[in-house]
Amino acid sequence: MRVDVSQYIGKTNNNLTVIGFVKPEKGRIKLRCRCVCGNEKLCFPYQFVSGDVKSCGCAKTGKKGPHDWDNNRKTHGMSNHRFYKKWN
């Protein structure tokens, strides 16, 4: 299946905007995208359309702030105290 890369140029998905494409001697065509931070990222057309690639890597992944699972593993928070090492 042939992909018409000219239809992608100028389109924006998440933080990336397609500014061109790279056609290697061997292999598949990659889209050249510009992130909102100014960096460039290469990705395949299917990654751009599906949203697998959201940024150049500048966007943080996951939820912001403390996670619930971190708080569940915490026992008392005093293991760095000077008396803790002497007690054990």
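Two strands pair if DSSP finds at least two bridges between them, and strands themselves are DSSP runs (E, at least two residues), numbered from the N terminus. This is a predicted model, in which local features need pLDDT of at least 70 and side-chain atom pairs count only at pLDDT 80 or more, while totals for chains, interfaces and linings use all residues. Residues are numbered from 1 along each chain as its sequence is written, and side-chain values use heavy atoms, with hydrogens and water left out.

Let's look at strand E3, residues 30–35. E3 and strand E4 (residues 40–43) run antiparallel and are joined by four bridges, with Arg32 standing opposite Leu42 in E4. The two strands make a hairpin with four residues between them, and Gly38 in the turn has a positive phi of about 110 degrees. E3 also runs antiparallel to strand E2 (residues 16–22), with six bridges joining them; here Val22 has Lys30 as its bridge partner.

In a regular strand the side chains alternate between the two faces of the sheet. Buried means under 20% relative accessible area, exposed over 50%, and partly exposed in between (1.4 Å probe, protein chains only).

Now for the charges. The structure holds two salt bridges, each a side-chain nitrogen of Lys or Arg within 4 Å of a carboxyl oxygen of Asp or Glu. Arg32, Arg34 and Glu40 are linked in a network of them.

| Salt bridge | N to O distance |
|---|---|
| Arg32–Glu40 | 3.3 Å |
| Arg34–Glu40 | 2.7 Å |

Glu40 is partly exposed at 43% relative accessible area, as are Arg32 at 33% and Arg34 at 37%.
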